[in-house]
Amino acid sequence: FDLRGRSFNKALHWSDPQMFGPRAYFVTVSKPAALTLDSVQLDDEAIYLCRVDFKTTPTRNFAINLTVIVPPYQLLLYDNSGRNVSGAIGPLVEGSDLILKCEVRGGRPTPTVSWFMNERMVEGQLEAIGNHVMVNRLEVNGVTRDHLNSTFKCQASNTKLVMPYEKTVHLELLLRPLSVLIISKPRQLVANEDISVQCEVTGSRPKALVTWTRDNRPFRRGKVLEEGNETSVISTITFVPVPEDDGSIFKCVGENPQLTGVGLEDSFKLNVVYPPQVALHLGSTLNPEDIKEGDDVYFECNIKANPKQHKITWYHDGTLVTQNMSSGIIISAQSLVLQGVTRWQSGAYTCLAANPRGETVSSPVVLRVRYAPVCSRDNDITVIGASLDESLRVRCQVSADPADVTFLWQFNNSGESFDVAPARFATSSGNMSELVYTPASQRDYGTLTCWGRNSIGKQTEPCVFQVVPAAKPSPLTNCTLRTVSNQTEIVEVECRAGYDGGLPQHFVLEAYDAHSKRLRLNFSVPETDSPVFRLDLGELLPAPTSLRILVYAQNAKGRSEKLVLEDIMLNDAEKRTDGSNNMNLVPLAGLLTGSLLTLGMAVLVIVVVAVRRKRECDGRLHCPHHLNIDASKQNSKTRQGSMLEINTGDNRYVVAYTLKPASDCAPTLPPPPTLISSPPDPRRQPDILNTPRGADTTPPGLSRPDDLFSSPAELGNRHQLNCGSPTLFSTLASPSSCDMNNTLGRSRPRPRENSYPNFATTRRDHIIADTIPGPESCV
């Protein structure tokens, strides 16, 4: 660029034609000015010298090194077999290995070759072939359905000045079906009525091929309709079931048409209900043309029915045939035996079979008796509770034809599933297998399934045994005794249920006569959170004066501890008659007059006794009284306080007590020293509710419960209670302060009968108290 002797706009430009020619020129428009070189070639790479000459200033020189980059000029993709890949790879079979090679030719400096799967860089094996060829090998082991339509991109680049050179392909796969499901398996089909069954096959690529089979043979009856898309197909078959279909295995099979041996299936057993199909035959060993009088003849009635027939009836010339062994007419199962036939037994014989679907009469079979007359006469889930280390014998019995059955046991829980080794079970007969199973930890509780297989096929639905933790149930708690409104003869006992032990439980109430100790009531109620027992006292004849009520829970593992309601007094028992309503008005009037006089005298006596009681009790600690409870009048104001409820832990105790006149405060039996250690008060009754003896009037058929009442041998080993006087319900004898082994809520021995004859021999919970809310009392 020469400015000598010229203006800037008229400077001379010159380029060596042997070097650049018109490809190089000096651009003065840009700031700063620059040398521009078009269509750079590899030969242009060199060190360029910029020299500037001035008139009055020294010359300046600048050296610039130009590096020329040559991008790659070719990129090829190959599969493992060496075929050029373009657009799509495959289709490959699910689970196979994918191998891709990316070959890049040319490029200076050597280009970088990279693989990207779904736009994410993945590592391959890079190797150089020759001076100007680079190969990157990518390998994906065991492709899954998640790789379907994945993109694989090979990229080659040796400069940021231009876009990388790249090629992209996507992966095609052949996928086996993921699931085959019969959407709604009918539990019952009616013969000769249309039924539609749907089967859904998902996950196959390309579209699945759906086939229907019966007993592993193609099912060609009916009409099949298919709908869906590339990955999901719904096949609907509509057909009319016939009796011959009953018991067969109906199966839906889904397969990938391009893959063999990887199909899935779902099946169920056809349960076709239909009226009996009856065919009557003469005995196969008999020659119908050679039956003579005195011969033995038998008929066979062949019946096919679902549900199974519940009645088979035989007829001779339209007349009912009944069994008469003395006459030689024997009816057994589906056979009719005629012993010593006579000519009178000749005629047409039929058999009739009935099930819930209807009745069917066989075609008649004519019996011809030669030379003598003939006499005609003619079957979801089992829950098993088990404790740890308890050995269970689980029996799996199936019906199969043929009966040569092989078994498979499986165990499943929320965390694992495995087959049971054949050594753990044995097949005792053709259709029964027994497994000895012992749960050793909580993980061993789960589901045992038993599968049977014979020559027909595998059992569709397994026998299921649910193994759950099991124990005896917990006792009932919070029991409350009350009368029913407007029904003084009805008493209810309501409790709260405890833990059921892992098994279904029910609740039992037993009511005993507190005097005679005989069982008067015994009934149960089904499982519920709050069981309620209703006792109809009017049905107890003769009526007891007091009852001892026991309630407990029971399951397959046994009974819970029994909760005892001690001596429930029934003072109105004598008012319950035997149900007779015949009454004369004159005795009724006399009785009413006498009752009024008695009531007046009773009021006067109560006032006098109350005044005397107040005077006598002012200076002493106790003046106990005995209050009789009337279970039928608990809601009466005059009976308030006649029953106490004591709660301790989860147990509730009902205590009955009786008011006695003040004159009875002087004890007829001093408190035994072994029961209360403090000096006996001469005016106090012992703090134990006595149970009077009654005549042994147990009704026939009701026995004495040995587990509830003590035997004479037990009475000689009674524990004795030796404690200081407790405060109001707050101090109960404990092992640390008293010599006894039982606690509140469990059976505790009573004093010796021969030492304290007023005590009943029943076991009970002793509750000791100084005072009771309301009237002072002896408990």
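Cys-50 is partly exposed, because its relative accessible area is 36%. My cut-offs: buried is under 20% relative accessible area, exposed is over 50%, and partly exposed lies in between, with a 1.4 Å probe and protein chains only.

A note on the source. This is a predicted model, in which local features need pLDDT of at least 70 and side-chain atom pairs count only at pLDDT 80 or more, while totals for chains, interfaces and linings use all residues. Residues are numbered from 1 along each chain as its sequence is written, and side-chain values use heavy atoms, with hydrogens and water left out.

**Disulfides**

How many disulfides does the structure hold? I find 5. I count a disulfide when two cysteine sulfur atoms lie within 2.5 Å. Such a link is a covalent bond between the sulfur atoms of two cysteines.

I checked Cys-102 and Cys-154. Their sulfur atoms are 1.7 Å apart, and they form a disulfide. This link is left-handed, with -80° about the S-S bond. It joins distant parts of the chain: Cys-102 sits in strand S7 (residues 98-108) and Cys-154 in strand S12 (residues 151-157), 52 residues apart. Strands here are DSSP runs of E, at least two residues long, and they are numbered from the N terminus. Cys-102 counts as buried because its relative accessibility is 0%. Cys-154 is buried too, with a relative accessible area of 0%.

Next I took Cys-301 and Cys-351. Their disulfide has sulfur atoms 1.9 Å apart. The torsion about the S-S bond is about 70°, so this disulfide is right-handed. Cys-301 lies in strand S24 (residues 297-306) and Cys-351 in strand S29 (residues 347-355), 50 residues apart. Both cysteines are buried.

Then came Cys-479 and Cys-495, a disulfide with sulfur atoms 2.1 Å apart. Its torsion about the S-S bond is about 110°, so it is right-handed. Cys-479 is in strand S40 (residues 477-484) and Cys-495 in strand S41 (residues 487-496), 16 residues apart. Cys-479 is buried at 0% relative accessibility, and Cys-495 is buried at 3%.

**A sheet**

I traced an open sheet of 5 strands. The order is S6-S13-S12-S8-S9, with mixed pairing. Strands S6 (87-93) and S9 (120-122) are at the edges with a single partner each, so one side of each has no neighbour in the sheet. From one strand to the next, the twist averages 30°. I count two strands as paired if DSSP finds at least two bridges between them. S6 runs parallel to strand S13 (residues 165-174), joined by 5 bridges. Ala-88 has His-170 in S13 as its bridge partner.

**Nonpolar cores**

The largest nonpolar core has 23 residues; among those touching the most other members are Leu-476, Phe-533 and Val-551. A core is a set of buried Ala, Val, Leu, Ile, Met, Phe, Trp, Tyr and Cys residues joined through side-chain atoms within 4.5 Å. S45 gives the most to this core, 4 residues. A second, separate core of 22 residues includes Leu-98, Val-104, Leu-138 and Leu-171.

Definitions and conventions:
Axes are lines fitted to C-alpha atoms, for helices over the stretch in contact, and angles run from 0 to 180 degrees between N-to-C directions.
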